[in-house]
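Colleague: I am new to reading protein models. Could you take me through a few features, one by one?

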Amino acid sequence: MKLYLVPTPIGNLEDITLRAIRILGEVDAILAEDTRTSGSLLKHLNISKPLYAHHAHNEHAGVAGIVKLLKEGKSLALISDAGTPGISDPGFLLVKACVEQGIEVETLPGATAVIPALVNSGFPIDRFVFEGFLPHKKGRQTRWKAIAEEERTTVLYESPHRLVKALEQMVEFVGAERSVMVARELSKMHEQMVRGTAEEVLAYFTAHPDKVRGEIVIVIAGK
């Protein structure tokens with residue numbers, strides 16, 4: 001019995017590893033954040049396995065059943081829509097339960113949006129902070145104020161429809177002159193890095209609403 005955490009491409013399908021393909025082909029079943037999205041990937045890889053939904057809305061209720069399958073001797077792979085499971089995606093609760101139950105967990109290295117954006121930023125990366133998605137409402141200003149005082153490089157995710165608002169808040173709470181890079185569509189055909197001060201990057205995306213799309217990673221220089 002074993003749970004495998006298998007990263008999937010964040011855009012370019014060539015970014016899946018040979019080991020990931022082998023594991024997905026060997027396990028008894030695959031747990032997927034969105035079975036439709038993952039079904040398309042598995043079809044591309046010519047892999048046919050039972051596919052079960054494991055997402056933010058059912059992970060609390062589903063953990064016990066998954067642990068039961070694992071204890072019966074099944075090998076399962078957990079994948080998210082894109083990237084590494086558990087990184088701002090479902091996975092933490094299941095891994096925690098497996099560790100507590102003595103079930104072996106093996107995590108494959110692979111695609112994630114955090115590291116390419118961080119390395120590409122040109123900011124110091126010997127020490128950094130990953131914030132994931134900031135709270136939508138309660139606690140959001142508190143997090144921005146903490147980022148304003150953070151001396152390490154900060155990485156966070158943001159959705160396209162909240163990007164401009166996030167940049168406005170960055171100007172307000174972190175400072176108009178703080179250096180920032182917004183990376184979008186990483187590894188895809190229209191990959192783009194927009195660099196400058198918070199004020200300059202806000203002005204760019206305000207003037208180019210057509211560019212506010214795709215997966216967004218924001219990298220903020222330390223104080």
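Colleague: Is Val119 buried or exposed, and why?

Modeller: This is a predicted model, so every value here is computed from predicted atoms. A residue counts as exposed when its relative accessible area is over 50%. Val119 has 51%, so Val119 is exposed. Its place is in helix α5.

Colleague: Which residues form the nonpolar patch on the surface?

Modeller: Val119 does, with Ile87, Ile115, Ile125, Phe128 and Phe130. Together they have about 460 Å² of accessible area. Two elements, α5 (114-121) and β6 (128-133), each give two or more residues to this patch.

Colleague: How do I read a sheet?

Modeller: Strands of a sheet pair through backbone hydrogen bonds, and the pairing is either parallel or antiparallel. Here an open sheet of 5 strands has parallel pairing, in the order β3-β2-β4-β1-β5.

Colleague: Which are the edge strands?

Modeller: They are β3 (51-53) and β5 (105-107), each of which pairs on one side only. From one strand to the next, the twist averages 25 degrees.

Colleague: How many bridges join β1 to β5?

Modeller: Strand β1 (residues 2-5) is joined to β5 by 3 bridges, and the two run parallel. As one case, Leu5 has Thr107 in β5 as its bridge partner.

Colleague: Which strands does helix α3 touch?

Modeller: Helix α3 (residues 59-71) packs on the sheet and touches β1, β2 and β4. Its direction makes about 140 degrees with that of β4. Helix α1 (residues 18-26) lies across β1, β2 (29-32), β4 (75-79) and β5, and runs at about 130 degrees to β4.

Colleague: Is Ser38 buried or exposed?

Modeller: The cut-off for buried is under 20% relative accessible area. Ser38 has 3% relative accessibility, so Ser38 counts as buried. Its place is in helix α2 (residues 35-44). Leaving out residues up to four places away in sequence, Ser38 touches Ala32, Leu51, Ile79 and Ser80.

Colleague: Where are Asn46 and Glu185?

Modeller: Asn46 sits in the loop between α2 and β3, and Glu185 is found in the loop between β8 (179-184) and β9 (192-197). At 71% relative accessibility Asn46 counts as exposed, whereas Glu185, at 13%, counts as buried.

Notes:
Residues are numbered from 1 along each chain as its sequence is written. This is a predicted model: local features need pLDDT of at least 70, side-chain atom pairs count only at pLDDT 80 or more; totals for chains, interfaces and linings use all residues. Side-chain values use heavy atoms; hydrogens and water are left out. Patches are made of residues with over 30% relative accessible area and no salt bridge: like charges are joined within 9 Å, nonpolar side chains (Val, Leu, Ile, Met, Phe, Trp, Tyr) within 5 Å. Accessible areas come from the Shrake-Rupley method with a 1.4 Å probe; for residues, only the protein chains shown count as cover. A salt bridge is a side-chain nitrogen of Lys or Arg within 4 Å of a carboxyl oxygen of Asp or Glu. Helices (H or I, at least four residues) and strands (E, at least two) are DSSP runs, numbered from the N terminus. Buried means under 20% relative accessible area, exposed over 50%, partly exposed in between (1.4 Å probe, protein chains only). Two strands pair if DSSP finds at least two bridges between them. Axes are lines fitted to C-alpha atoms, for helices over the stretch in contact, and angles run from 0 to 180 degrees between N-to-C directions. Contact means heavy atoms within 4.5 Å.
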